[in-house]
Amino acid sequence: MSLNSISRYQKWVNQLDTLLLWGTLCTLAVLIYDLGFFLAILENQVADTLATVSLFILTCLSSIRVSLSNRSGNIDKQHLWREWLIPVLLLGAMILRTSHGQQWIGCSYNLSEFFILSIVIFVFFVELSKKSFLIFRRRLNPALLFMVSFVVMIFLGASLLLMPAATTNGIDPVDALFTSTSAVCVTGLSVLDTQFGFTRFGQTVILFLIQIGGLGIMTFTSVFAYFFTGKFTFDSQIFLSDLNQEQRFGQIFKTLYRVIFITLGLEFIGFILIWLSLPSTAFVSWGDHTFTAFFHSVSAFCNAGFSTYSQGLFEPALRTNYPLHFIVALLVILGGIGFSILYNSYEFLKYRFWILPRSVVGRSGHRPWVLNFNSRLILLTTTILLITGTGLFLGLEWNGVLKAHSGIGKLVEAFFLAVTPRTAGFNTVDMVALAPGTIILIIFFMWVGASPGSTGGGIKTSTFALASLNILGTIRGKNRIEIFRREISNSSLRISYTVISLSLIVIGMAIFFLMMTDPEKGLIALGFEVFSAFSTVGLSLGITPGISAMGKLILIFTMFIGRVGAFTILISLFKKVPYAPYRFPKETVSVS
């Protein structure tokens, strides 16, 4: 085939890429319009026809694109099935569009429409991801783009929640923005009852925002771009390495793949376990049972804390469902430990129980350091916090909120109390009935939060560990920090104290402003709310719905800063100072 023919085919493929991007966007708009508004019979018929015709056109265009891409030699044979995946999915969506699925409870759409919407959203992200390399070429600040992606998702989510079919009795714009921010920032604070205030469509929007917010839209688009094109640019590698803080330059796409597969895999396992732990007799239909299990699995792993029950896991039918509580706690821990730590732990277990027993090198006495330094530090810190927290909560609430439980129940609930403040936000006890000491302890755990590179918030366990080691080292007169036969770099210590200082500044300012807008709520309740918002936890002492509109806006900014990171925001706004090839004489400052 001549070069002119290949160039012509490639030009047509690029034009089809653009057509499919805008086509899926228009189809998505039609579907959302159909689902989000209560339409008259004629309007509904027009929307149905438009959606069906759009899906047919998209199927044809995507099939033609695959044929042209194959002729131009732009894709190899082993990746051909990936290209055919898009027209096959669109064809399936078109077939489902003409069928009748099971009706969801509390909403005007059925199961088939839910799957159709999911397919079109997936295809839209795939087409959008193919254009994402254009962003990489512009060499934008990764921190700034990360922040902007969250802002876009928040306002998009708020717009969807404002649709009439998303709520049962309507929602105020500020409340819609608050709920969207809480979902995208995986916080869990809610001003509207998720069970009765939102329809199934509204709950699906919240679920989608939680999933996108937990992983980040840039992670999805980058993985889709690489998966469906099978190629990447040098600029994209640099950009994504900076965005995901991946030090191994050539491993960035493998890292993103692991993030996606680990998340979806653990969420699916969690969904199965939660589905089995929930009694089927408590649900009207199989669809309701399935959605509830899936919602809680995603919410738990992403550390969001949203629940489809008004009282969360403190719902009367769930208060003593200890298997469910334990499963949710494990999902929260796995989601909050960090993706790199999860994979490194898997490598260690694989080596320890599979490779080492069969290895000649292992029998010779050599032991490679499979579990890296970050994993050791974070796993140790997390274990100490969980064990200490469980013991303290058990002692503080033995005759308090844990009094209603006995035996293993007390231990499970104390363990859950030690887990959930670490940015999860689920509650299995009455938060208002907690002892003052327990509230202070929960505030501390909320502030510490989850681990870096995870779906959780807070200052992170590694930051807390470095600060604690530095304090102990200073008391003992050591001029350097050492652990696991390694020395901590000064840059890590500087960043950790910067993160701690910025967190206290943001939290202090938020409490100060809330005391001016909602003084009647009290300092303890408002302080608890701010720590919960900043650390993206979602626990509350029951004051969230009653906070003023201005107070909600303050919490919105607090949640956003807590999720994106005050340090990340400042990095996106300020340019790095160029390297200075000189140093001034050192001086000692009196600090105590």
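1. Overall content. The structure is a predicted model. Its protein chain comprises 23 helices and 2 strands. The chain has 592 residues, of which 54% count as buried. Among the contacts in the chain with a separation of 6 or more, 72% are accounted for by residues 24 or more positions apart.

2. Salt bridges in total. A search of the whole structure returns 4 salt bridges.

3. K552 belongs to helix α22 (residues 549-564) and D175 to helix α7 (residues 173-184), so the pair ties together parts that are 377 residues apart in sequence. Both K552 and D175 are buried.

4. The pair D288 and R200. The side chains of D288 and R200 also meet in a salt bridge, with an N to O distance of 1.8 Å. D288 is located in helix α12 (residues 286-301), whereas R200 is located in helix α8 (residues 200-215); the pair therefore ties together parts that are 88 residues apart in sequence. D288 counts as buried because its relative accessibility is 12%, under the 20% limit. R200 has a relative accessible area of 7% and is likewise buried.

5. The network around K478. A further salt bridge joins the side chains of E482 and K478, at 3.5 Å from N to O. K478, R480 and E482 are linked in a network of salt bridges.

6. Helices α7 and α8. Two packed helices are described by the angle between their axes and the distance between the axes. For α7 and α8, the axes come within 7 Å and cross at roughly 45 degrees. The two helices are therefore oblique to each other. On the α7 side the contact involves T179, S180, A183 and V184, which meet I206, L209, I210, G213 and G214 in α8. By class, the residues of this contact divide into 5 nonpolar, 4 polar and no charged.

7. Helices α13 and α17. Helix α13 (residues 322-336) packs with helix α17 (residues 408-419) at an angle of about 25 degrees, and their axes are 10 Å apart. Because angles under 35 degrees count as roughly parallel, α13 is roughly parallel to α17. The crossing of these two helices is left-handed. From α13, the residues Y322, H325, F326, V328, A329, V332 and I333 take part, meeting G409, V412, E413, F415, F416 and V419 in α17. This contact has 10 nonpolar, 2 polar and 1 charged residues.

8. Residue S496. Where is S496 found? S496 is part of helix α20 (residues 490-517). Its relative accessible area is 2%, and S496 is therefore buried. When residues up to four places away in sequence are not counted, S496 touches T463 and L466.

Key: Residues numbered from 1 in each chain as written. Predicted model: local features only at pLDDT ≥ 70, side-chain atom pairs only at ≥ 80, totals over all residues. Heavy atoms only, no water. Axes fitted to C-alpha atoms, helices over the stretch in contact; angles between N-to-C directions. Helix = DSSP H or I, 4+ residues; strand = E, 2+ residues; numbered from the N terminus. Parallel < 35°, antiparallel > 145°, perpendicular 65-115°, else oblique. Left-handed = near helix turned anticlockwise from the far one by under 90°. Contact = heavy atoms within 4.5 Å. Nonpolar A, V, L, I, M, F, W, Y, C, P; charged D, E, K, R; others polar. Buried < 20%, exposed > 50% of the residue type's maximum accessible area, 1.4 Å probe, protein only.
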